[in-house]
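Okay, thanks for coming, everyone. I'd like to walk you through one structure today. Let me put it up on the screen.

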Amino acid sequence: MLRKSSYFSSNFYKLLLAHIFTNMGEVIFNVTIITLIYSQTGSVFGSTLVIVISMLAKLIGSYFGSNFIFPKYRIRNILIVTELLRIVFIIIFIILTPIHHFDNIPLLFILVFLINISNSFFAPGRLALMPALIEKNKLILGNSWFSISNQLTQTVGWAIAVPIVNILGNVTSIYVYIILFILSLLLIVFITSDNKDSNDDEKTNFRISLKFIKENKIIREITVIDLLETSANIIWMPTFLLSFTLEVLKESENVWGFQGSAYTLGSFLGSIFLIRFNKKFTQFGGYSIILSALIVFILTMVYSINTIAIIAIIVCFLDGPAYQIRDTVQKTILQTEIPLEKQSSIYSTINTFLFGSYIISLLLGSYLADIFGIRWVFIVAGLLYFLSTLVAFYSKRIRNYKIVDRYNE
């Protein structure tokens, strides 16, 4: 397994390591900001507002990136500027705020907004850069390694970040954040490839990207599936999962934590499974999406009607691999089907709708939970997963899609 990964270029490893440093930095940033806001306000709403502001910033940033950033500049340069901006915003924040007493809550929210505007450029840029760094027949393998890095940094990152903030304090934690992003920046600077040699005459802004998505049937169908599943994914947010654990399972916060750990472990094993059998997934990409989507639907419905803690934990564990496989294969199809020079703008356009869908679903889901109860939010989410399964199943293009065929074209 490790021998296969050695076929990747040094540029791929630089991007992967930069991604890991970025993820770690974001975790430390989130823990620090949430700790600061909660310590100043004592409000759960204030801490939750961080998530809403983050998603809103990513929505605006995705639209802005699709229209004005990605059509004009090289991806590598955009990633470099993105990392620089995140560092600069933090430094300005430190200059404007008393260094040992961060008590300006509005300024904290502004910082969260600006940081996440920058974040919205990194993910589409990274996805668009990958096909230029590795061969197409290794995209599933490459995406799987990035998925593993996500799971590890999210798991290990939160385990490390909380003690760092508690022991070192908010000030030192901010400096750790800066160091991690400087390391990420240096790695990206030393990447020698890009997804295009020069700026193209044909610009790909939001309107043109939207037209491309509408006219390319498989891209349109994958986007619809993503929208349905993004709307359903709100149920796995900590607040919704905690509410279900307390109200339906009648269990403590410990069971809530076990469910999150089980899902993370399942996702990690799903990525390992993808790496081990990546050639099979390149041959049966479409069927793997359908089967994974169906499994997620069934597991969600089982979870929504269940009242036993151990079954809930097992369901979360099984849901991890199914979701991870579907998500990775869908990303690979997008990377395969979208022309290199259009990828970053189209990813940003798709993200604009995904973030917008997530915010609306979050608000509607919260309202539905208050009026009808948290169980009904999970049932509705299960129905959305079912719709995504139907879209994949009734699409001849997705059902018969073989990624391996595209390598030989």
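So, N233 is buried, at a relative accessible area of 16%, where buried means under 20%, exposed means over 50% and partly exposed is in between, using a 1.4 Å probe and protein chains only. Before I go on: this is a predicted model, where local features need pLDDT of at least 70, side-chain atom pairs count only at pLDDT 80 or more, and totals for chains, interfaces and linings use all residues. Residues are numbered from 1 along each chain as its sequence is written, and side-chain values use heavy atoms, with hydrogens and water left out.

Back to N233, which sits in the loop between α8 (217–232) and α9 (238–247); helices here are DSSP runs of H or I, at least four residues, numbered from the N terminus. What does N233 touch, beyond its neighbours within four places in sequence? Y323, Y358 and Y385, with contact meaning heavy atoms within 4.5 Å. The side chains of N233 and Y385 also make a polar contact of 2.5 Å, that is, a pair of N or O atoms within 3.5 Å, where within protein one must be able to donate a hydrogen and the other to accept it, and residues adjacent in sequence count only if both atoms are side-chain atoms.

Over in helix α8 we have V224, which is partly exposed at 34% relative accessibility.

Last stop, F29: leaving out residues up to four places away in sequence, F29 touches I90, L111, V112, I115 and Y177.

Terms used. Helices (H or I, at least four residues) and strands (E, at least two) are DSSP runs, numbered from the N terminus.
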